[in-house]
Amino acid sequence: MQTSDCKITAQDAITESVFRIRLSAPGISKLCSPGQFVHMRVSTGLDPLLRRPFSIHRAHESAGEIELLYRVVGSGTATLRDLKPGDVVNLMGPLGNGFDLEKPVDHAVVVAGGMGGAPVFYLIDALLKRNKRVTLLWGTRDGREIFDEADFEARGVALKIATEDASKGHNGLVTDLLKTFLAQHAGSAGLGGYVCGPEPMIRAVQDIVRSTDFLWQASLEEQMACGVGVCLGCAVKLKTGEIQMVCKDGPVFDIREIAFNG
Amino acid sequence: MVDLSVKIGSLTLKNPVLTASGTFGYGREYDPYLDISQLGGIVTKTVTLEPRQGNPMPRIAETPAGMLNSIGLSNVGVEKYLNEKLPLLADVDTNVIANVAGNTIDEYAEIVSRLQHHPRIDAIEINVSCPNVEKGGLAFGTDASVTAAVVKGVRNQTGKPVIVKLTPNVTDIGVIARAAEDSGADAVSCINTVQGMGVNIHTRQPLLARIIGGLSGPAIKPIALAKVYQAAQAVRIPVIGLGGIMGWADAVEFLIAGATAVQTGTLNFIEPAGPVQLIQGLESYCITHNISRIADIIGSLEKRPVK
Ligand SMILES: Cc1cc2nc3c(=O)[nH]c(=O)nc-3n(C[C@H](O)[C@H](O)[C@H](O)COP(=O)(O)OP(=O)(O)OC[C@H]3O[C@@H](n4cnc5c(N)ncnc54)[C@H](O)[C@@H]3O)c2cc1C
Ligand SMILES: Cc1cc2nc3c(=O)[nH]c(=O)nc-3n(C[C@H](O)[C@H](O)[C@H](O)COP(=O)(O)O)c2cc1C
Ligand code: FES
């Protein structure tokens with residue numbers, strides 16, 4: 001594996017702070033799977049210094065391209081936002097272990113919160129390719145960050161939306177949608193859960209799904225330096241007491257195994 | 001052909017570029033990105049007698065042109081290091097330097113006695129400079145007499161080259177370097193990280209769970225250069241320079257200031273192939289400047305004319 005300079009082929013604004021970027025990355029588009037990430041050097045300068053991790057939002061193997069979806073939160077993402085088609089960033093990847101798509105699941109319930117929406121597009125593309133039934137529960141604070149609803153529905157995804165600004169769907173949290181879903185599907189066989197979002201949401205989901213008896217895979221985020229298990233910066237503690245690295249052993253974990261309180 | 005080789009005690013490095021402890025795992029993790037046999041050597045993650053999980057999260061944060069860490073010497077422990085990690089390096093054509101730390105003076109000697117027979121270990125680097133542990137570490141490396149005691153204890157256990165890794169968090173690094181030399185060290189390496197801290201002004205929380213950590217990366221390069229210069233002035237044994245090296249030009253600065261070899265740390269996280277590119281850059285520099293042996297530029301700092 002190599003680090004590779006990748007040309008930006010398109011970049012568009014979803015809102016004033018959320019952007020979708022498309023990159024020419026033939027090697028990565030061929031090798032990657034849903035839930036994996038790329039580690040990006042946004043500039044060759046010394047500040048920002050470290051690479052920034054981003055989940056793969058979509059992969060287009062035949063075009064040799066990948067897409068990322070990101071929110072501007074600091075200097076690295078602000079630098080990325082200001083880049084134009086034709087500009088180049090350097091990528092390491094694909095890194096980490098993605099979602100296990102081989103588990104015998106008939107009906108996938110995908111829970112996405114905030115920028116957790118990013119990897120979910122790629123995940124759902126892969127689930128649909130495997131002829132799974134897919135329910136997407138998607139929550140954001142700002143309803144404008146929910147997009148492509150018609151496309152999901154046209155492809156047969158059962159989409160339920162929650163927004164905190166009450167602009168779309170249920171006015172509240174995605175975890176409200178999850179509780180309703182689980183009440184409606186109590187005792188159903190063949191379910192599999194996938195969770196992407198900020199840590200407080202994942203904690204809440206961990207609590208809610210305790211009564212279920214199927215697998216819940218959650219994608220975690222931690223501050224990263226190396227992205228490949230060397231610096232030992234991105235540790236997560238499991239309930240067994242074992243320490244694992246989010247970048248190398250994850251970012252996808254069995255939600256029941258994560259010990260959030262150390 | 002440029003002769004890039006340098007000597008650290010009885011150890012010959014084919015070139016002066018090593019990878020720094022804690023930034024290159026146990027040596028094989030970056031195999032997909034570079035050929036480690038091209039390196040002058042690798043320094044493995046600090047190993048302690050017992051395995052350590054390390055400090056609470058978050059344990060890294062970025063700061064301007066640098067990063068803070070408080071990993072806390074998370075490592076597999078000496079048993080697993082000997083049985084599982086060193087064998088992975090069996091057939092690699094480069095020097096392997098084991099970096100060790102203990103909670104007590106005796107523990108340093110004990111761990112070296114466990115390691116020193118292993119044929120794959122070419123030298124030992126003693127970490128008396130980690131800012132992220134309660135015992136040992138920085139507390140030892142800031143005190144010349146404790147440093148001397150640690151080095152003597154280790155020296156009694158091994159005939160292999162002993163390198164003492166120094167902290168910059170002292171008033172006079174020359175005093176500590178001399179204590180190491182007088183106690184039998186074959187070389188000193190400097191610097192370990194500079195104590196640092198950051199605060200999130202919105203939450204008023206520290207960036208690191210342990211509040212204070214160690215700063216590395218280009219932000220510390222001028223500090224590191226000054227410490228390397230001071231150490232090189234104070235001792236006759238070789239000084240290995242590190243701290244903020246991002247490219248070959250940085251490495252040349254360290255050599256001119258008095259370093260015999262250099263280590264790359266934070267660079268490895270950003271450009272895993274960086275150390276190998278650095279070697280190529282050193283060679284080109286020598287060709288451009290008509291230098292046939294890189295060792296000739298060590299400590300070659302010129303005086304500025306008085307104005
Ligand atoms: C495996 C993984 C996948 C990710 N995927 C995406 C994605 O698809 N889209 C997206 O927008 N973001 C994603 N992130 C988060 C993204 O990496 C950070 O938002 C980014 O690094 C911030 O960089 P910055 O320089 O803009 O902000 P900084 O100035 O570095 O930080 C600004 C703020 O963001 C927080 N932050 C920084 N890095 C992270 C991080 N790695 N995780 C959580 N919070 C962080 C900081 O604590 C700080 O509060 C992912 C993170 C991981 C670990
Ligand atoms: C994440 C991280 C972990 C480190 N772990 C160790 C360690 O285990 N032992 C050690 O002697 N130094 C350790 N260091 C210090 C480095 O080896 C080096 O001295 C320091 O980072 C300065 O060099 P740099 O600026 O090139 O990174 C660590 C540094 C970092 C950033
Ligand atoms: S980011 Fe370095 S170990 Fe995960």
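A: A residue is called buried when its relative accessible area is under 20%, exposed when it is over 50%, and partly exposed in between, using a 1.4 Å probe and protein chains only. B:Glu271 is buried, at a relative accessible area of 14%. The model is a predicted one, in which local features need pLDDT of at least 70 and side-chain atom pairs count only at pLDDT 80 or more, while totals for chains, interfaces and linings use all residues. Residues are numbered from 1 along each chain as its sequence is written, chains are lettered from A and ligands numbered from 1 in the order in which they are written, and side-chain values use heavy atoms, with hydrogens and water left out.

B:Glu271 sits in the loop that joins helix H8 (266-270) to helix H9 (274-288) of chain B; helices (H or I, at least four residues) and strands (E, at least two) are DSSP runs, numbered from the N terminus. Leaving aside residues up to four places away in sequence, B:Glu271 touches A:Thr3, A:Arg41, A:Arg51 and A:Asn90, where contact means heavy atoms within 4.5 Å.

The surrounding chain can now be described. Chain B has 9 helices and 16 strands. Of its 307 residues, 62% are buried. Among contacts in chain B between residues at least 6 apart in sequence, 72% link residues at least 24 apart. The C-alpha atoms of chain B occupy a box of roughly 50 × 50 × 40 Å along the principal axes.
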